[in-house]
Amino acid sequence: MASLIETPPCGDLLPVIVTGAQLVELRPGPVLSIAPFHGQAAAVAAILAEAGLDWPAPGTSGVGGSLACLWAGRGTAFVLGPLPEPLAARLAGHAALTDQSDAWAAMQLRGPAAEAVLARLVSLDLRIAAFPEGAVARAPLNHMAALVRRSGADRFDLWVFRSMAQTAVHELKAAMTSVAARG
Amino acid sequence: MRLTCPLCGPRDRREFYYYGAADYLDRPAADAAPEAWDAYLHLRDNIAGPVRDLWYHDQGCGSWLVVDRDTVSHEMLSVRAVAEDRA
């Protein structure tokens, strides 16, 4: 049988390292999109609770054991990590489930200049008082639909559609170098 | 111009797609008279003042939104999610 090689979305475009900021690729592993059917939100939340996850309120994310759950839009959440198969099977009766593991390019922007870099591309208040650790937003990264999550005091996880990986790296690299050039 | 999305908060207008008049939410029954379908698809008032629009938050959370807007002052009067109106 052919030996297949998994190619990461950003490939050899990353890492990008400048003074004050680094952009590295994230490999989130399995990504399961969960969109509860009408009136099924409570049933879905109860099943996720068995995996130690809360259904995320808009703009939030949570962690349970080796899994994480991100709000990803109206009536949609992403579970990151291997959800136990019996739980996934039970969810199927209550929600639309989509395996999106290969659909996204995920990157992490980190360093003391990360906020200043992102301020050039995302028109939200991303200061830690307004966008604390764990906060999630669906917002454009320049012109690209993106998901932004603050994963630490000096770091953000950035998700764009996989087909946008090269453009996203290009835009972020330009913002990183121009912030670094200002010193 | 900014719209306050019920889930995402105040966001720039460019994150949203303007779909047209909120009349699109009142779809006639499949067996309705041709006149009803004609009105649904084609007949719109061109109001100077408060209008009711249908918008979509395509670069954000994906909510369909009913937006009350004043075409004279450009004021955004209210933004509500269609899903919540119909819940």
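Strand S9 (residues 136-141) of chain A is mostly covered, with six of its six residues buried. Buried here means under 20% relative accessible area, with exposed over 50% and partly exposed in between (1.4 Å probe, protein chains only). This is a predicted model, where local features need pLDDT of at least 70, side-chain atom pairs count only at pLDDT 80 or more, and totals for chains, interfaces and linings use all residues. Residues are numbered from 1 along each chain as its sequence is written, chains are lettered from A in the order in which they are written, and side-chain values use heavy atoms, without hydrogens and water.

S9(A) runs antiparallel to strand S10 (residues 144-152) of chain A, joined by six bridges. Strands are DSSP runs (E, at least two residues) and helices likewise (H or I, at least four), numbered from the N terminus. Two strands pair if DSSP finds at least two bridges between them. A:Pro140 stands opposite A:Ala145 in S10(A). The two strands form a hairpin with two residues between them. In that turn, A:Asn142 has a positive phi of about 55 degrees.

Chain A also holds an open antiparallel sheet, ordered S4-S5-S6-S3-S7. S4 (61-64) and S7 (95-99) of chain A are its edges; each has a single partner strand, so one side of each lacks a neighbour in the sheet. Inside it, S3 (residues 31-36) and S6 (residues 76-80) of chain A pair antiparallel over four bridges. There A:Ser33 faces A:Phe78.

Chain B has an open sheet of four strands, in the order S3-S4-S5-S6, with antiparallel pairing. Its edge strands are S3 (17-21) and S6 (76-81) of chain B. Strand S5 (residues 64-70) of chain B pairs with S6(B) over five bridges. B:Leu65 has B:Ala81 as its bridge partner in S6(B).
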